[in-house]
Amino acid sequence: MGSTAFQTPAVVKSAATPFFTPANNVGAAVHPDDPKTPTLFRPLQIRDVTVKNRIFVSPMCMYSADNDPSSPAVGAMTDFHIAHLGHFALKGAGLIFVEATAVTANGRISPYDVGLWQGVDSPQFHGLKRVVQLSHSQGAKIGVQLAHAGRKASTSPPWIAAEAGKVALKADEGVRGWPEDIVGPSGGAEQLWNPDGYWTPRALTTEEIKDVVRAFADSAKTAVEAGVDVLEIHAAHGYLIHSFLSPVSNKRSDEYGGSFENRTRLLREVATAIREVIPAGMPLFVRISATEWLEEQPVAAQTGSWDLESSVRLAALLPELGIDLVDVSSAGNHIDQKIHIHTNYQIDLAAHLRKAIRAAGASTLVGAVGFVTEAEQARDIVQEEAQGTQDIVSGPEPRADVVLLARQFLRTPDWVLKTAKALGVEVKVPVQYGRAFR
């Protein structure tokens with residue numbers, strides 16, 4: 001009696017991982033060229049990198065890295081990061097940013113932050129590479145936001161501050177902080193973001209500034225070796241580079257202070273140094289605080305502040321610096337900030353910048369972040385006018401080119417898949433989870 005042989009279908013293993021997992025491309029539109037497919041689910045090419053959709057995971061500090069200064073693994077990502085960042089990849093995000101990643105040990109926001117100052121073949125390098133491999137196996141791209149906390153360094157995680165009844169809490173030597181090595185463009189108690197929660201900084205010397213620029217470039221090289229797809233420079237929220245940009249916090253009288261040209265010098269040098277050491281085809285982003293929300297405050301009347309017009313001037317410099325996308329946030333540099341919060345308050349800033357960039361004839365991309373929670377909202381922010389169809393929203397000029405979500409991904413890790421369903425877009429799902437989508 002004969003028998004019938006059943007052949008198991010071939011399963012394509014991901015080439016990205018040393019372990020077995022099928023190669024997935026979660027969250028990619030099954031029909032990306034269909035005119036009915038919203039821009040949100042159309043691929044986006046930035047230099048040599050193609051992102052499968054326009055939904056990015058914004059950098060989010062998790063305060064869960066190795067924090068033992070005597071350990072070679074200090075600043076390295078842990079198993080927590082595999083789970084935390086990996087499930088965004090498993091659920092379809094196009095580009096996932098690792099949290100703010102310090103380029104020097106004293107550039108961490110807290111002793112529990114991720115860093116990338118040790119170089120290739122270090123625990124920091126291998127921790128990042130694990131996250132890259134898993135994310136690539138799911139078709140996601142990985143970005144690293146390179147950062148230096150400046151005068152807002154050596155603080156405690158927010159939940160520890162909250163337990164003490166404070167908004168911010170200093171981290172001293174007893175909890176592995178570095179209160180004697182807090183730096184900024186200028187020194188003194190008047191430079192404190194919050195006198196109760198932050199250490200008094202000292203002013204960086206010119207040679208130390210050059211060291212910081214080299215540190216950004218060295219960390220960028222390490223990230224490239226780990227397989228990262230995109231780099232972002234953190235120049236927002238009162239951290240080191242932003243504090244140089246703003247006349248509120250930058251009181252220097254040398255080539256790094258005073259005029260707009262001088263105050264933007266550190267950012268320009270960092271961008272140039274990074275672009276020189278990364279592949280020509282690798283995208284480079286910058287996150288900025290488009291405004292400090294100080295225009296109506298006495299401090300701005302005295303010194304001026306970094307405002308939306310300053311950001312428009314900066315945006316004009318980005319193409320020559322090799323920066324491909326400006327990630328638009330706001331605030332974080334002075335305790336007197338007065339934010340007029342509403343659902344679109346940062347999206348409006350992104351739209352203003354994008355309009356100014358396009359009016360100047362530049363093609364720099366713009367990312368919108370903040371209170372992006374709903375499928376239709378995200379669709380409308382980036383929607384480009386459809387050609388030859390009226391079946392989807394066309395309307396006005398896009399307000400941004402991509403959306404970045406943070407807290408919404410913490411609340412709803414499968415936001416990409418739920419958004420696709422809400423918009424009627426057929427997308428690919430992880431084959432391991434296929435039974436849930438039949």
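Predicted model: local features only at pLDDT ≥ 70, side-chain atom pairs only at ≥ 80, totals over all residues.
Residues are numbered from 1 along each chain as its sequence is written, and side-chain values use heavy atoms, without hydrogens and water.

**Second largest pocket.** I find 6 nonpolar, no polar and 4 charged residues in the lining. Ala, Val, Leu, Ile, Met, Phe, Trp, Tyr, Cys and Pro count as nonpolar, Asp, Glu, Lys and Arg as charged, the others, Gly among them, as polar. The lining includes D414, K418 and F437. A pocket here is an open set of points on a 1 Å grid over the protein atoms alone, where a 1.4 Å probe fits, with protein on both sides within 12 Å along at least five of seven lines; lining residues have an atom within 4 Å of a point. I read a volume of about 180 Å³, the space filled by probe spheres set on the points, which are joined across faces, edges and corners.

**Largest pocket.** I read about 1,600 Å³. Of its 46 lining residues, H237, Y239, R287, S329 and R407 are the closest to the centre. The lining holds 27 nonpolar, 15 polar and 4 charged residues. α13 gives the most, with 4 residues. Helices are DSSP runs of H or I with at least four residues, strands runs of E with at least two, numbered from the N terminus.

**Barrel.** I traced a closed barrel of 8 strands with parallel pairing, β3-β4-β5-β8-β9-β10-β11-β12. Pairing takes at least two DSSP bridges between two strands. β4 and β5 share 6 bridges.
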